[in-house]
Amino acid sequence: MKIAVIGAGVIGVTTAYELTLDGHEVSVFDRHGTAGEETSFANGSLMVPGWPSSLGHQASWRSLLASSGSHTGALHLGGWPSTGTWHWLWRRQQALRKPDHRTRQAALHQLAHYSQQRLAAITDAHQLSYDNSHGVLLLWRHERDATQARAALAAVREWGTVAREVDATQARQIEPALNAETGLHGALEISSAQSANTRQFVLLLKQLAQQRGCRFEFGRAVTQVRSTGQGVQIVRDGSTETPPFDHVVVCAGTASAALLRPLGLQLPLQPVYGHSVSAAIREPLDAPLSAVIDARHQVSITRLGQRVRVAGGQSLGGSPVHHSKNELQRLYRVLMDWFPGAARLGGPKGSVQEWRGAQACLPDAAPMVGESPVPRVWLNLGHGASGWAMACGSARALADQLQGNSPALDLTPFAPARWLR
């Protein structure tokens, strides 16, 4: 079949790879000059089943309003919400209270585990080399941090995440470079987690897809998707039409809502902004061996080859183009708390990379994976902060479903129809 994929981030490229692997004629469209230029460019790089949805904070209305003046916790306000954002927040609170929320969380864990298995299979099959490490420490500064995480730990273990509690001494043995002057109550060792450079993987997988005949067309924005009797047409730059495709898979992140609205699909997508700082390692002995997460601030510090990356924050609202000084300062502060000598923060201009990206989030914190109510239009989007953790599994499962085969896991909890009628 002839299939179009819109979006060349980690979700779009993994989807294109799997469809090409199945023998389809695949074309990928993206407005940027190459793959992985937006959310996949410099995200936190963590693949942690169960984080942050279960071990993190589920923000209430009160905590969200209070967060507009502070910068701790997972989700906070970057400015006073618009009417649309208030409506999305209301839908989010309703979704988190529904009886099926726990079932959907379990399904998210299964998808993340399946995605890790698929990533390992692809990596081994092609002997791919990219910066990666295994194991993550969730650091507890105080007893109350540990108490909050323990409430979800039983469910996380039940769903298959391998995790054990360690005291402060054991945590410092696992990560010897942790600052001795920073208070540490204990930690949770998540041995099944891993971290990897998302963009490196995306570019490698793009090459593999191209070798199998996948076409990538960059530099021109897709402005419309048209469903016709002959198939689905892609319109670029408002005028150029492609020949009909048998199917189209939309993986365009936050841009997906506007793209699909003319088809009558009202996607409740909300952009949530995250930040990261990447810098060269100054002294390897002062840097983390793999990755840690500060539970209080929900900031990750990850070693990626010869660089260290600090990432965190989920900000609703604020400028879509400008970095948040407060967010970046928080990242630098957390880095200095735990690994003060790890990164080379001075030196030539450009040696430190500061990044901001929009994550496309749905109210129930789960993605849409499957065919939309419009025939031949498929969706693989809304993964939020867990896009990298779920990309390979979502892509393989959607490719199986599109082919008419039964996926390796049940996609019912992620069906687009739950939000689209």
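Predicted model: local features only at pLDDT ≥ 70, side-chain atom pairs only at ≥ 80, totals over all residues.
The protein chain contains 10 helices and 19 strands, and of its 421 residues 57% count as buried. If we take the contacts in the chain with a separation of 6 or more, then 75% of them are accounted for by residues 24 or more positions apart.

I would like to start with the open sheet of 6 strands, whose order is S8-S2-S1-S12-S19-S18 and whose pairing is mixed. Which strands stand at its edges? They are S8, covering 215-218, and S18, covering 368-371, and since each of them has a single partner strand, one side of each is left without a neighbour in the sheet. Neighbouring strands in this sheet are turned by 20 degrees against each other on average, when direction is ignored.

As a reminder for anyone new to sheets, strands pair through backbone hydrogen bonds, and they can do so either parallel or antiparallel.

Staying with S12 for a moment, is it covered on one face or on both? Both faces are covered, with His247 and Val249 buried on one side, and Val248 and Val250 buried on the other. That arrangement can be read alongside the general rule that in a regular strand the side chains alternate between the two faces of the sheet.

Helix H1, residues 10-21, lies across S1, S2, S8, S12 and S19, and runs at about 165 degrees to S1. Helix H10, residues 387-403, lies across S1, S12, S18 and S19, and its angle to S19 is likewise given as about 165 degrees.

H1 also packs against another helix, namely H7, residues 198-211, with the two axes 9 Å apart and at an angle of about 30 degrees. Angles under 35 degrees count as roughly parallel, and so H1 is roughly parallel to H7. Their crossing is left-handed. On the H1 side the contact is made by Val10, Val13, Thr14, Tyr17 and Thr20, while H7 contributes Thr198, Phe201, Val202, Leu205, Lys206, Leu208 and Ala209. Sorted by class, that contact has 8 nonpolar, 3 polar and 1 charged residues.

Let me now turn to strand S13, residues 270-280, which is mostly covered, with 9 of its 11 residues buried. S13 pairs with S17, residues 352-361, in the antiparallel sense over 10 bridges, and in that pairing Ala279 stands opposite Val352. S13 is also joined by 8 bridges to S16, residues 307-316, and these two strands run antiparallel as well, with Ala311 in S16 as the bridge partner of Ser276.

The loop between S13 and S14 holds the residue I would like to pick out, which is Pro288. How accessible is Pro288? Its relative accessible area is 0%, and a residue under 20% counts as buried, so Pro288 is buried. Leaving aside residues up to four places away in sequence, Pro288 touches Glu175, Ile301, Arg303, Val308, Phe339 and Ala342.

S9 and S10, residues 231-236, pair over 6 bridges, and among the residues involved, Ser227 has Val232 of S10 as its bridge partner.

Technical notes
Residues numbered from 1 in each chain as written. Heavy atoms only, no water. Pairing = 2+ DSSP bridges. Helix = DSSP H or I, 4+ residues; strand = E, 2+ residues; numbered from the N terminus. Axes fitted to C-alpha atoms, helices over the stretch in contact; angles between N-to-C directions. Contact = heavy atoms within 4.5 Å. Buried < 20%, exposed > 50% of the residue type's maximum accessible area, 1.4 Å probe, protein only. Parallel < 35°, antiparallel > 145°, perpendicular 65-115°, else oblique. Left-handed = near helix turned anticlockwise from the far one by under 90°. Nonpolar A, V, L, I, M, F, W, Y, C, P; charged D, E, K, R; others polar.
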